[in-house]
Amino acid sequence: MEKTDMYNSSMVSTSHDVEESWDDEFQQLVQTFPKDKSFTGMNLYFFQGFWCPSIVLKAVISCQKHFQAFDSDILIATLPKCGTTWLKALTFSILYRSQFARENNPLLTYNPHSLVRFIDYDFYLNDTCPDLENCTLYQPRLFSIHLPYASLPTSIKDSNWYWRASQEKPSKILFLQYEDLKEDINSHLKKLAMFLGVPFTEEEEKQGVVEEIAKICSFENMKDLEVNKKGVQTFGNPQETFLEKAKTFEIPCEAFFRKAKMGDWSNYLTPSMVVRLEKLIQEKLDNSGLTFKLFSKTSKDITST
């Protein structure tokens, strides 16, 4: 056997051992977490203060343990179903606008989740230590994640980078609210561009670039694009690992574009559930300095403080 073959064989063996060791460690660790089921029947595990779906738990922990952030990285950190797809489209279009012709915006042919990948749900779903050196087409690297701030990888929180954290590090953490974006998109696009270090020039504003990005990324436009009306978005690296076939999960592209209305959540809860939720929000946010508008059947346009 040639030296190269021997080296490659050794690398495969080492990687297999690392993967197998981590798999054993994870199986022992997961037994210590409280367990429940979601309304869809999926297993949920209580991990660091939040309920994590079983299908991504291993990826979440792997990401937390191994992801190495660059100071130049940009991370879109959101809760599910709070405007993630829209924010991905806006951030992508603003950050990389000088790297492609305006009429050739990749959003016209790719779903936003294909352009801005989840660190945990994509890269770490099938690989303990994925190669992220050349994982993005444009620079700086732009990722997304659904983890709460307290559970982010240490390298992200320590790399000179949610509400309280943004107050402590306003130059590194920008806190945006869906309702604010809906009510005044243009001024918030300018704010986002400034934060990203790529402010709109006076000439760009005269040319209507801000309005153009808002229009391209609008719910009405994005939902009507052919790429978002058919097909599925696959999460996870579709490659086999040493221990098992690659885990992936698919979501119909059209599922990412629902109604884009504020307060629609209250239409899916009973009046008593809405009252209970609003009371809980008031209690949790009391004295935090964080305010936002509640839109529901019981409280129309009431500011929570």
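**Stop 1: two helices in contact**

Select Ile 185, Asn 186, Leu 189 and Lys 190 in α9, and then Val 210, Glu 211, Ile 213 and Ala 214 in α11; these two groups meet each other in this predicted model. The residues of this contact comprise 5 nonpolar, 1 polar and 2 charged.

Now extend the selection to the whole of both helices, residues 185-196 for α9 and residues 209-216 for α11. Their axes lie 10 Å apart, and the packing angle is about 105 degrees. Angles of 65 to 115 degrees count as roughly perpendicular, and α9 and α11 are therefore roughly perpendicular to each other.

**Stop 2: aromatic rings**

Next, display the side chains of Phe, Tyr and Trp. How many aromatic pairs does the count come to? The count comes to 14.

Select Phe 92 and Tyr 96. Their rings form an edge-to-face pair, with 5.2 Å from centre to centre and 75 degrees between the planes. Both Phe 92 and Tyr 96 are buried.

Move on to Phe 118 and Phe 235. The ring centres are 5.7 Å apart and the planes stand at 55 degrees, so this pair is tilted. Are these two residues buried or exposed? Phe 118 has a relative accessible area of 3% and is buried; Phe 235, with a relative accessible area of 2%, is also buried. Buried means under 20% relative accessible area.

**Stop 3: charges over rings**

Lys 88 lies over the face of Phe 118, at 3.6 Å from the ring centre. A further example is found by selecting Arg 141 together with Phe 70: Arg 141 lies over the face of Phe 70, at 3.8 Å from the ring centre.

**Stop 4: a leucine in a loop**

Finally, select Leu 79. Where is this residue placed? Leu 79 is in the loop between β4 (74-77) and α3 (84-95). Its relative accessibility is 58%, so Leu 79 counts as exposed, the limit for that class being over 50%.

Show the surroundings of Leu 79 as well. Apart from neighbours within four places in sequence, Leu 79 is in contact with Thr 84 and His 146.

Key:
Residues are numbered from 1 along each chain as its sequence is written. This is a predicted model: local features need pLDDT of at least 70, side-chain atom pairs count only at pLDDT 80 or more; totals for chains, interfaces and linings use all residues. Side-chain values use heavy atoms; hydrogens and water are left out. Axes are lines fitted to C-alpha atoms, for helices over the stretch in contact, and angles run from 0 to 180 degrees between N-to-C directions. Helices (H or I, at least four residues) and strands (E, at least two) are DSSP runs, numbered from the N terminus. Angles under 35 degrees count as roughly parallel, over 145 as roughly antiparallel, 65 to 115 as roughly perpendicular and the rest as oblique. Contact means heavy atoms within 4.5 Å. Ala, Val, Leu, Ile, Met, Phe, Trp, Tyr, Cys and Pro count as nonpolar, Asp, Glu, Lys and Arg as charged, and the others, Gly among them, as polar. Rings of Phe, Tyr and Trp (its six-membered ring) pair if their centres lie within 6.5 Å; planes under 30 degrees apart count as stacked, over 60 as edge-to-face and the rest as tilted. Buried means under 20% relative accessible area, exposed over 50%, partly exposed in between (1.4 Å probe, protein chains only). A charge sits over a ring if NZ of Lys or CZ of Arg is within 6 Å of the ring centre and within 35 degrees of the ring normal.
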